[in-house]
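Please examine the sequence and the model before reading the solutions.

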Amino acid sequence: MKKIVFIYGLIAGLISVAMFFISHPTGEINFENGMLIGYATMVIAFSLIFFGVKNYRDNHLEGTITFGKAFQVGILVTLVASVVYALGWEVYYNFIGNDFMAQYSKYYLDEMVKEGASAAEIEQARTQMQSTAEMYKNPVIRFAMTLMEIFPVGLIVTLICAALLRKPQFLPKEA
């Protein structure tokens, strides 16, 4: 199981990380479409959970697997992929995107102005964004925040895959 978890988790994580580095030079991804593209990439990457669980079921468990075992394989793939994603973000952030919080804060506040937020609301948001930006400077907090960005997506995909792929072993009826 370890080999399957690491291979599928590593590939899923690398697919997710690739989006940082592919999108940066092109400039095609911005804050408006970035979230949609980012989460779509995560879902595509986490489709590997399905194949990892299926591989484990078919090649190591003689075609049967319980929901619990399928969930275990899927959540471990998710953990590996999430750590790879968070490590990839650290590399990206420290070498390419270290102005991310400043750009995001500007975008967020500009959107509030466009939507007609009051001066008090904008000032409150500015204060909150400054506080968040200060916390984001801490690599441990930034790593944890990045994990919490991707992990829930993998958890949802894991639950779906475990439900779809569960195939318990049925005992034959005694005569």
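This is a predicted model: local features need pLDDT of at least 70, side-chain atom pairs count only at pLDDT 80 or more; totals for chains, interfaces and linings use all residues.

Residues are numbered from 1 along each chain as its sequence is written, and side-chain values use heavy atoms, with hydrogens and water left out.

**Exercise 1.** Determine how many salt bridges the whole structure contains, and state which residues are linked with R57 and D58 in a network.

Solution. Step one: apply the criterion, a side-chain nitrogen of Lys or Arg within 4 Å of a carboxyl oxygen of Asp or Glu. The search returns seven salt bridges. Step two: K54 joins R57 and D58 in a network of such bridges. Within it, the closest N and O atoms of D58 and R57 are 2.8 Å apart. Step three: classify exposure (buried, under 20% relative accessible area; exposed, over 50%; partly exposed, in between; 1.4 Å probe, protein chains only). R57 is buried because its relative accessibility is 10%, whereas D58, at 31%, is partly exposed.

**Exercise 2.** Identify the salt-bridge partner of E90.

Solution. Step one: the partner is R142, with the closest N and O atoms 2.8 Å apart. Step two: E90 belongs to helix α3 (residues 67-95) and R142 to helix α6 (residues 139-165), so the pair ties together parts 52 residues apart in sequence. Helices here are DSSP runs of H or I, at least four residues, numbered from the N terminus. Step three: E90 and R142 are both buried.

**Exercise 3.** Classify the exposure of E134 and of K137.

Solution. Step one: E134 and K137 form a salt bridge, their closest N and O atoms being 3.3 Å apart. Step two: E134 has 49% relative accessibility and is therefore partly exposed. K137 has 53% and therefore counts as exposed.

Notes: Helices (H or I, at least four residues) and strands (E, at least two) are DSSP runs, numbered from the N terminus.
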